[in-house]
Amino acid sequence: MATRQTASLARLMRAPAIILLLIWMLVPLGMTLYYSFLNYNLLNPANTSWAGWFNYQYFYSDPAFFESIWNTLVLVLGVLLITVCGGIGIAMLIDKPIFGQGLVRILVISPFFVMPPVAALIWKNMIMHPSYGVFADIAKFFGANPVDWFAQFPLLSIILIVAWQWLPFATLILLTSLQSLDGEQMEAAEMDGAPALSRFIYLTLPHMARAITVVILIQTIFLLGIYAEILVTTNGGPGFASTNLTYLIYRAARLNFDIGGAAAGGIIAVILANFVAIFLMRAVGKNLD
Amino acid sequence: MARAVSRNTKIGYTIAAWIVALIIFFPILYTIITSLKTEQEAIAGFDLIPSFSLSSYETVQSQNNYWRPFTNSVILAVGSTLLALIVAIPAAWAMAFSPTRRTKDILMWMLSTKMMPAVAVLVPIYLIFLRTGLMDTRIGLVMILMLMNLPIVVWMLYTYFREIPGEILEAARMDGATLKDEILYVLTPMAVPGIASTLLLNIILAWNEAFWTIQLTTTNAAPLSAFIASFSSPQGLFWAKLSAASTMAIAPILILGWFSQKQLVRGLTFGAVK
C-alpha cells in the first residue's frame with residue numbers, strides 16, 4: 001500500500017519537525033561546547049581568547065561546584081522520596097471506594113497546575129514566612145518559636161515546595177497504574193487469607209513497578225532543572241546552601257557574565273542529564289513495540 | 001468488579017482521603033482566601049474568613065498593569081502551541097500511517113532532545129537573543145516555547161494517531177473514497193480528540209514555563225510567570241496583592257488542567273503509562 005508517492009509524501013511531512021529539532025539541538029549545543037573553551041566575559045568581550053580546558057578546571061576547582069552538585073542530588077532524591085512514597089499512599093487511598101472521588105482527585109492534582117514562581121511565592125509568604133506564615137501561626141498556637149525556614153533550612157524548604165508541586169504528578173500516574181490492577185486476583189489473594197501487607201508487597205508493588213520507574217525518571221529530568229523556585233525564595237543562599245547546578249550556571253552566565261564558565265557548566269549539566277536520559281529512553285522504548 | 005465494602009469502612013476512607021486532599025489543596029485555597037482580604041487582614045494572623053474585599057485585585061490591575069503579562073501569557077501559550085501543532089501534525093501523521101524502519105529511532109531521538117537541560121543552552125540562546133534583537137519579544141519566546149514542547153506534541157499525537165485503526169481506511173478506499181475524502185471524512189473526525197487533548201496539555205505546559213520566560217524577557221514580552229517572579233522582592237504590605245496576582249495567574253490553567261487529567265498522564269509519560 002505504501003507506494004513510492006506516499007513514501008515521499010511522508011518524508012516531506014516529517015521533514016519540518018525533524019529539521020527544526022535538529023537545529024534546536026545541534027546549533028545551541030555546539031555553541032555551548034565552543035564557548036566552554038573560550039575566555040569570554042560579557043563585561044570585557046574584547047579580551048576573548050582561547051582557554052583550552054581552563055573553564056572546566058576552574059569550575060571543577062570551585063568549592064561552590066561540589067556544593068551545588070551535592071545540593072542537586074539532595075534536592076532530586078529528597079523530592080523523589082517524598083513524592084514516590086506519598087504518591088503510592090495517596091493513590092491507594094483515592095483508589096478505595098470513597099464519597100466524592102472525582103472532587104478529591106481534582107483537589108489532589110491541583111498543585112501541578114500552579115506555575116513554579118507562584119507555588120514558591122505562596123509557600124514563601126503564606127505558609128513558611130517566620131512572622132505571617134501559617135506554619136508560624138501553628139507554632140505560636142502551640143507556644144513554640146516559629147522557624148525561619150529559608151534562613152535555617154533553605155534546601156529543605158525548597159524540597160518541600162517542589163515536592164508539593166510534584167506529588168500530584170506521582171499520585172496521578174500511580175493511580176492510573178493502580179486502576180489497571182486486576183481486582184479478581186486481589187480478591188483471590190484476600191480469600192486465601194493473604195494479609196494486607198503481603199498483598200501490597202507481592203501484588204500491588206510489582207504491578208506498579210513500571211509506573212514508579214517512569215515517575216522517578218521523568219521527575220528526575222525536571223528536577224535537575226529546578227530554577228524558578230530557588231530564584232524567588234532563597235536566591236541560592238545563604239552562601240551556596242540552596243544553589244543547585246542549574247542555578248550555579250545561571251549565576252555564572254547572568255550575574256557574573258562569565259560566558260565561558262557558564263558554558264562549561266552547561267556541558268557538565270548535559271552529561272549529568274544524559275545518565276538519567278539513557279535509562280528513561282530504555283523504559284519508554286520498550287513500550288513502543 | 002466492585003467489591004462490597006461496609007458503609008463504615010467507606011466513610012473512614014472518605015474522611016481520610018478528604019483530609020489528605022484538603023491539606024494538599026490548602027496553599028491554593030488559602031491564597032484565594034487571602035486575595036479577598038485587605039492587606040491589614042492578610043497579616044493579622046490565621047483566618048479562613050475574608051472580608052471579601054476586591055481591593056487587591058483592583059490594585060494589581062491599576063498599579064501593575066496586570067493585563068499586559070496576562071495577554072502575553074495567552075499569546076505565548078496559544079501561539080507556541082498552534083505553531084507546534086502545525087509542524088507536529090504532519091510529522092506524527094506520517095510516522096503513524098507510513099512508518100519506516102527508522103520511525104522508532106526518530107521518535108526516540110526527538111524524545112532525547114527533550115532531555116537536554118535548558119540551562120545547558122542558556123548561554124548561546126541568550127547571546128543569540130541579545131544580538132538579533134529578539135530579547136524581550138513575544139516572537140522569540142513563541143519560537144523557544146514551541147521548540148521546547150515540540151517533542152511532547154509529536155509524541156502525544158503519534159500515540160493518538162496510532163490508535164486509529166488502519167482497516168477503516170481500507171474500507172473507505174474500497175468504497176471508492178479519494179485521498180481527500182479519506183482525510184476529510186474519515187481521519188479528521190477520528191484525530192480531532194487526540195489533537196484537542198494535545199493542545200490542552202501543551203497550553204498548560206507553555207503557560208507554566210518559568211525558565212526561558214524569566215531569562216528572555218524584561219517587561220514588554222513578560223508573561224505571568226515572569227511577572228509573578230518579580231514579586232519576590234516586594235516593598236511594603238503586599239500579601240493580599242500577591243495573592244490576588246497569583247490567583248489570577250493560576251485560575252485559567254487550573255480549570256483547563258482539571259479537564260485534562262487523563263491526557264496529562266499520557267502526555268507527560270510519553271505514552272509509557274496509559
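**Reading a buried helix and its neighbours**

Guide: The buried residues of helix 4 of chain A pack against helix 3 (63-95) and helix 8 (154-179) of chain A, and also against helix 1 (7-35) and helix 13 (261-268) of chain B. Helices here are DSSP runs (H or I, at least four residues), numbered from the N terminus. This is a predicted model: local features need pLDDT of at least 70, side-chain atom pairs count only at pLDDT 80 or more, and totals for chains, interfaces and linings use all residues. Residues are numbered from 1 along each chain as its sequence is written, while chains are lettered from A and ligands numbered from 1 in the order in which they are written.

Visitor: Which residues are buried in helix 4 of chain A?

Guide: A residue is buried if 20 or more other C-beta atoms, placed from the backbone, lie within 10 Å of its own. In helix 4 (residues 101-109) of chain A, these are Val104(A), Leu107(A), Val108(A) and Ile109(A).

Visitor: How many residues does each chain give to the contact?

Guide: Two residues are in contact if their C-beta atoms, placed from the backbone, lie within 7 Å. Chain A gives 86 residues and chain B gives 82 residues. On the side of chain A that touches chain B, helix 1 (residues 4-35) of chain A supplies the largest share, 17 residues.

Visitor: Where is confidence lowest in chain B, and where highest?

Guide: pLDDT is the predictor's confidence in each residue, from 0 to 100. Chain B has a mean pLDDT of 85, with 95% of its residues at 70 or more. Helix 13 of chain B is lowest, at a mean of 75. Helix 4 (residues 67-97) of chain B is highest, at 92. The model scores ipTM 0.86 and pTM 0.88.

Methods. Helices (H or I, at least four residues) and strands (E, at least two) are DSSP runs, numbered from the N terminus. A residue is buried if 20 or more other C-beta atoms lie within 10 Å of its own, exposed if 12 or fewer, and partly exposed in between; C-beta atoms are placed from the backbone.
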